[in-house]
Amino acid sequence: MEWVKGFYKKQSDFLKDCYLSEVDDFAKEKVSIIEKMVNKKNINILDLGAGGGQNAIAMSLNGYSVTMIELLEEFTAHAEKLAKQYNQDLTIIQGDFYKVKLDQTFDLVTYWDGFGIGTDEEQRLLFKRIASWIKKDGIVLIEVYTPWYAGYSEGKEMSFGDVKRKYGFDPLNSRWLDSWWKVGDEEQVINQSLRCYSPADFKLMIEGTGLTLDKIEPCLQYDGGERLYPGIEKLGKSITYLAKMIKV
Ligand SMILES: C[S@@+](CC[C@H](N)C(=O)[O-])C[C@H]1O[C@@H](n2cnc3c(N)ncnc32)[C@H](O)[C@@H]1O
(Lines give C-alpha, C1' and ligand atoms only; values in the text may rest on other atoms or scores of the structure.)
Protein backbone atom coordinates (compact mmCIF):
# COMPACT_ATOMS: atom_id res chain seq x y z
CA MET A 1 0.00 0.00 0.00
CA GLU A 2 3.01 2.22 -0.59
CA TRP A 3 1.10 4.11 -3.25
CA VAL A 4 -1.59 5.38 -0.87
CA LYS A 5 0.07 8.52 0.54
CA GLY A 6 1.56 9.66 -2.78
CA PHE A 7 -1.68 9.01 -4.64
CA TYR A 8 -3.98 11.01 -2.35
CA LYS A 9 -1.53 13.90 -2.05
CA LYS A 10 -1.15 14.15 -5.83
CA GLN A 11 -4.89 13.66 -6.46
CA SER A 12 -5.61 16.52 -4.08
CA ASP A 13 -3.05 18.72 -5.91
CA PHE A 14 -4.53 17.76 -9.29
CA LEU A 15 -8.06 18.60 -8.19
CA LYS A 16 -7.03 21.93 -6.66
CA ASP A 17 -7.15 20.69 -3.09
CA CYS A 18 -10.34 18.60 -3.36
CA TYR A 19 -9.71 17.17 0.11
CA LEU A 20 -9.14 20.63 1.57
CA SER A 21 -12.59 22.05 0.92
CA GLU A 22 -15.38 23.42 3.10
CA VAL A 23 -18.05 21.30 4.79
CA ASP A 24 -20.34 20.87 1.79
CA ASP A 25 -23.75 19.26 1.22
CA PHE A 26 -22.04 16.01 0.30
CA ALA A 27 -20.52 15.90 3.81
CA LYS A 28 -23.85 16.85 5.39
CA GLU A 29 -25.54 13.94 3.56
CA LYS A 30 -23.48 11.61 5.76
CA VAL A 31 -25.43 12.82 8.79
CA SER A 32 -28.77 11.88 7.21
CA ILE A 33 -27.35 8.46 6.31
CA ILE A 34 -26.30 7.93 9.94
CA GLU A 35 -29.72 9.05 11.16
CA LYS A 36 -31.38 6.61 8.76
CA MET A 37 -29.09 3.61 9.32
CA VAL A 38 -28.08 4.00 12.96
CA ASN A 39 -30.79 6.09 14.54
CA LYS A 40 -29.14 6.51 17.96
CA LYS A 41 -28.61 9.83 19.71
CA ASN A 42 -25.61 10.92 21.81
CA ILE A 43 -23.17 8.47 20.31
CA ASN A 44 -19.44 8.67 19.75
CA ILE A 45 -18.11 8.05 16.24
CA LEU A 46 -14.72 7.01 14.87
CA ASP A 47 -14.25 8.16 11.26
CA LEU A 48 -11.50 6.30 9.35
CA GLY A 49 -9.61 7.62 6.31
CA ALA A 50 -11.23 10.93 7.10
CA GLY A 51 -9.48 13.09 4.46
CA GLY A 52 -9.74 16.81 5.22
CA GLY A 53 -12.28 16.18 7.97
CA GLN A 54 -15.40 17.51 6.22
CA ASN A 55 -17.55 14.48 7.10
CA ALA A 56 -16.18 14.40 10.65
CA ILE A 57 -17.02 18.10 11.16
CA ALA A 58 -20.50 17.60 9.67
CA MET A 59 -21.08 14.75 12.14
CA SER A 60 -19.70 16.82 15.00
CA LEU A 61 -21.93 19.76 14.04
CA ASN A 62 -24.87 17.42 14.44
CA GLY A 63 -23.98 16.76 18.06
CA TYR A 64 -22.04 13.51 17.74
CA SER A 65 -18.76 13.15 19.58
CA VAL A 66 -16.22 12.48 16.82
CA THR A 67 -12.69 11.08 16.54
CA MET A 68 -11.10 10.98 13.09
CA ILE A 69 -8.02 9.16 11.78
CA GLU A 70 -6.24 10.25 8.62
CA LEU A 71 -2.87 9.29 7.15
CA LEU A 72 -1.86 12.59 5.53
CA GLU A 73 -0.64 15.44 7.69
CA GLU A 74 -1.84 18.10 5.27
CA PHE A 75 -5.37 16.70 5.50
CA THR A 76 -5.39 16.56 9.32
CA ALA A 77 -4.00 20.12 9.39
CA HIS A 78 -6.98 21.16 7.28
CA ALA A 79 -9.35 19.31 9.63
CA GLU A 80 -7.82 21.24 12.57
CA LYS A 81 -8.49 24.47 10.68
CA LEU A 82 -12.10 23.48 9.96
CA ALA A 83 -12.63 22.45 13.58
CA LYS A 84 -11.57 25.94 14.71
CA GLN A 85 -13.62 27.62 12.00
CA TYR A 86 -16.78 25.73 13.03
CA ASN A 87 -15.92 25.83 16.71
CA GLN A 88 -16.08 22.03 17.02
CA ASP A 89 -14.22 20.01 19.60
CA LEU A 90 -13.28 16.73 17.92
CA THR A 91 -10.27 14.44 18.24
CA ILE A 92 -8.08 14.50 15.13
CA ILE A 93 -5.48 11.75 14.85
CA GLN A 94 -2.83 11.79 12.14
CA GLY A 95 -1.90 8.14 11.70
CA ASP A 96 -2.34 4.81 9.99
CA PHE A 97 -5.50 2.91 10.89
CA TYR A 98 -3.54 -0.34 10.55
CA LYS A 99 -1.18 0.74 13.35
CA VAL A 100 -2.81 3.36 15.55
CA LYS A 101 -3.54 2.51 19.20
CA LEU A 102 -6.85 3.77 20.56
CA ASP A 103 -7.70 3.99 24.25
CA GLN A 104 -11.44 4.30 23.80
CA THR A 105 -14.34 2.32 22.28
CA PHE A 106 -17.01 3.68 19.96
CA ASP A 107 -20.74 3.35 19.24
CA LEU A 108 -20.12 3.77 15.53
CA VAL A 109 -17.15 3.43 13.16
CA THR A 110 -17.47 4.95 9.67
CA TYR A 111 -15.29 4.81 6.55
CA TRP A 112 -16.66 6.93 3.72
CA ASP A 113 -15.21 6.63 0.21
CA GLY A 114 -11.86 4.85 0.07
CA PHE A 115 -12.37 1.33 1.46
CA GLY A 116 -10.67 -1.46 -0.53
CA ILE A 117 -7.13 -0.17 -0.91
CA GLY A 118 -5.69 -3.38 0.58
CA THR A 119 -5.79 -7.10 -0.16
CA ASP A 120 -8.57 -9.25 1.34
CA GLU A 121 -6.16 -10.22 4.10
CA GLU A 122 -5.40 -6.57 4.91
CA GLN A 123 -9.09 -5.73 4.82
CA ARG A 124 -9.76 -8.55 7.29
CA LEU A 125 -7.02 -7.24 9.56
CA LEU A 126 -8.67 -3.81 9.53
CA PHE A 127 -12.06 -5.33 10.41
CA LYS A 128 -10.54 -7.26 13.32
CA ARG A 129 -9.13 -3.97 14.59
CA ILE A 130 -12.49 -2.23 14.10
CA ALA A 131 -14.27 -5.06 15.98
CA SER A 132 -11.98 -4.33 18.94
CA TRP A 133 -12.76 -0.58 18.78
CA ILE A 134 -16.55 -0.82 18.92
CA LYS A 135 -18.74 -1.28 21.97
CA LYS A 136 -20.74 -4.48 22.50
CA ASP A 137 -23.74 -3.06 20.61
CA GLY A 138 -21.57 -0.93 18.32
CA ILE A 139 -22.18 -0.43 14.60
CA VAL A 140 -19.82 -0.16 11.61
CA LEU A 141 -20.74 1.63 8.39
CA ILE A 142 -18.37 1.06 5.47
CA GLU A 143 -18.84 2.44 1.97
CA VAL A 144 -17.94 -0.36 -0.46
CA TYR A 145 -17.28 -0.03 -4.23
CA THR A 146 -19.39 -2.29 -6.44
CA PRO A 147 -17.76 -4.51 -9.11
CA TRP A 148 -20.64 -3.89 -11.52
CA TYR A 149 -20.06 -0.12 -11.65
CA ALA A 150 -16.28 -0.56 -11.84
CA GLY A 151 -16.69 -3.00 -14.76
CA TYR A 152 -19.17 -0.72 -16.52
CA SER A 153 -16.85 2.28 -16.13
CA GLU A 154 -13.83 0.59 -17.76
CA GLY A 155 -12.28 2.90 -20.35
CA LYS A 156 -14.32 5.94 -19.24
CA GLU A 157 -12.30 9.19 -19.32
CA MET A 158 -13.00 12.48 -17.60
CA SER A 159 -11.35 15.90 -17.75
CA PHE A 160 -10.89 18.31 -14.87
CA GLY A 161 -9.29 21.33 -16.56
CA ASP A 162 -5.84 20.16 -17.65
CA VAL A 163 -6.10 16.97 -15.58
CA LYS A 164 -7.42 13.69 -16.98
CA ARG A 165 -8.79 10.60 -15.28
CA LYS A 166 -9.31 7.15 -16.78
CA TYR A 167 -11.00 4.14 -15.22
CA GLY A 168 -9.95 0.54 -15.69
CA PHE A 169 -11.12 -2.75 -14.19
CA ASP A 170 -9.29 -5.95 -13.30
CA PRO A 171 -12.10 -8.54 -13.45
CA LEU A 172 -9.97 -11.43 -12.19
CA ASN A 173 -9.20 -9.68 -8.92
CA SER A 174 -12.29 -7.46 -8.89
CA ARG A 175 -10.26 -4.26 -8.55
CA TRP A 176 -11.23 -0.81 -9.82
CA LEU A 177 -8.27 0.95 -11.42
CA ASP A 178 -8.19 4.73 -11.40
CA SER A 179 -5.48 6.68 -13.24
CA TRP A 180 -4.82 10.45 -13.20
CA TRP A 181 -2.35 12.58 -15.15
CA LYS A 182 -1.74 16.12 -16.33
CA VAL A 183 -2.23 16.69 -20.06
CA GLY A 184 1.25 16.78 -21.62
CA ASP A 185 2.77 14.94 -18.66
CA GLU A 186 1.39 11.45 -19.31
CA GLU A 187 4.49 9.76 -17.89
CA GLN A 188 3.73 11.07 -14.41
CA VAL A 189 0.47 9.10 -14.16
CA ILE A 190 -0.76 8.20 -10.66
CA ASN A 191 -2.84 5.06 -10.08
CA GLN A 192 -5.06 3.65 -7.40
CA SER A 193 -6.48 0.15 -7.19
CA LEU A 194 -9.56 -0.55 -5.10
CA ARG A 195 -11.01 -3.95 -4.26
CA CYS A 196 -14.70 -4.09 -5.17
CA TYR A 197 -17.04 -6.51 -3.42
CA SER A 198 -20.55 -7.68 -4.17
CA PRO A 199 -22.49 -7.97 -0.88
CA ALA A 200 -22.21 -11.80 -1.14
CA ASP A 201 -18.40 -11.59 -1.43
CA PHE A 202 -18.18 -8.94 1.27
CA LYS A 203 -20.07 -11.26 3.62
CA LEU A 204 -17.54 -14.05 2.98
CA MET A 205 -14.56 -11.71 3.34
CA ILE A 206 -15.59 -10.50 6.82
CA GLU A 207 -16.09 -14.02 8.18
CA GLY A 208 -13.95 -14.57 11.26
CA THR A 209 -13.27 -10.88 11.86
CA GLY A 210 -15.73 -10.53 14.75
CA LEU A 211 -18.18 -8.56 12.58
CA THR A 212 -21.23 -9.68 10.66
CA LEU A 213 -23.28 -8.01 7.93
CA ASP A 214 -26.57 -6.58 9.19
CA LYS A 215 -27.83 -4.47 6.29
CA ILE A 216 -26.95 -3.12 2.84
CA GLU A 217 -28.03 0.28 1.53
CA PRO A 218 -27.30 1.66 -1.98
CA CYS A 219 -25.16 4.76 -1.68
CA LEU A 220 -23.12 6.84 -4.13
CA GLN A 221 -24.68 7.54 -7.50
CA TYR A 222 -22.50 10.46 -8.55
CA ASP A 223 -19.39 10.23 -10.66
CA GLY A 224 -17.16 13.15 -11.62
CA GLY A 225 -19.79 15.55 -10.26
CA GLU A 226 -22.51 14.09 -12.44
CA ARG A 227 -25.52 12.34 -10.92
CA LEU A 228 -25.99 8.92 -12.45
CA TYR A 229 -29.33 7.29 -13.01
CA PRO A 230 -31.38 10.23 -11.72
CA GLY A 231 -34.02 9.23 -9.22
CA ILE A 232 -33.02 5.58 -9.19
CA GLU A 233 -31.92 4.31 -5.82
CA LYS A 234 -31.14 0.78 -6.96
CA LEU A 235 -28.28 -1.28 -5.57
CA GLY A 236 -27.64 -2.76 -9.03
CA LYS A 237 -26.97 0.75 -10.36
CA SER A 238 -24.93 2.12 -7.45
CA ILE A 239 -21.24 2.97 -7.50
CA THR A 240 -21.04 2.14 -3.81
CA TYR A 241 -23.20 0.69 -1.08
CA LEU A 242 -23.07 1.02 2.65
CA ALA A 243 -22.37 -2.18 4.54
CA LYS A 244 -23.79 -1.95 8.05
CA MET A 245 -22.07 -4.40 10.38
CA ILE A 246 -22.51 -5.38 13.99
CA LYS A 247 -20.48 -7.54 16.38
CA VAL A 248 -20.94 -11.29 16.02
C1 LIG B 1 -10.92 8.76 -1.03
S2 LIG B 1 -10.30 9.56 0.40
C3 LIG B 1 -11.81 9.89 1.25
C4 LIG B 1 -11.69 10.90 2.34
C5 LIG B 1 -12.97 11.10 3.16
N6 LIG B 1 -13.39 9.88 3.81
C7 LIG B 1 -14.08 11.64 2.28
O8 LIG B 1 -15.10 10.95 2.11
O9 LIG B 1 -13.93 12.77 1.79
C10 LIG B 1 -9.59 8.25 1.37
C11 LIG B 1 -8.73 8.74 2.52
O12 LIG B 1 -8.28 7.62 3.28
C13 LIG B 1 -6.99 7.92 3.78
N14 LIG B 1 -6.32 6.68 4.14
C15 LIG B 1 -5.95 5.67 3.30
N16 LIG B 1 -5.31 4.71 3.97
C17 LIG B 1 -5.25 5.10 5.27
C18 LIG B 1 -4.69 4.52 6.45
N19 LIG B 1 -4.07 3.34 6.41
N20 LIG B 1 -4.83 5.18 7.62
C21 LIG B 1 -5.48 6.38 7.65
N22 LIG B 1 -6.02 6.98 6.56
C23 LIG B 1 -5.91 6.36 5.38
C24 LIG B 1 -6.33 8.63 2.61
O25 LIG B 1 -5.18 9.36 3.00
C26 LIG B 1 -7.48 9.50 2.09
O27 LIG B 1 -7.48 10.77 2.69
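## The sheet

Seven strands form an open sheet in the order E3-E2-E1-E4-E5-E13-E10, and their pairing is mixed. Strands here are DSSP runs of at least two residues (E), helices are runs of at least four (H or I), and both are numbered from the N terminus. Two strands count as paired if DSSP finds at least two bridges between them. At the edges sit strand E3 (91–94) and strand E10 (211–218), each pairing on one side only. On average, neighbouring strands of this sheet are turned by 20° against each other, direction ignored.

This is a predicted model: local features need pLDDT of at least 70 and side-chain atom pairs count only at pLDDT 80 or more, while totals for chains, interfaces and linings use all residues. Residues are numbered from 1 along each chain as its sequence is written.

## A parallel pair and a packed helix

Let's look at one pair: strand E1 (residues 44–48) runs parallel to strand E2 (residues 65–70), joined over five bridges. Within it, Asp47 stands opposite Met68 in E2.

Helix H5 (residues 120–133) packs on the sheet, touching E1, strand E4 (106–111), E5, E10 and E13. Contact means C-beta atoms, placed from the backbone, within 7 Å. The direction of H5 makes about 145° with that of E5; axes are lines fitted to C-alpha atoms, for helices over the stretch in contact, with angles from 0 to 180 degrees between N-to-C directions.

## Around Ala56

Ala56 touches Asp47, Ala50, Val66, Met68, Ala79 and Leu90, leaving aside residues up to four places away in sequence.

Technical notes:
Contact = placed C-beta atoms within 7 Å.
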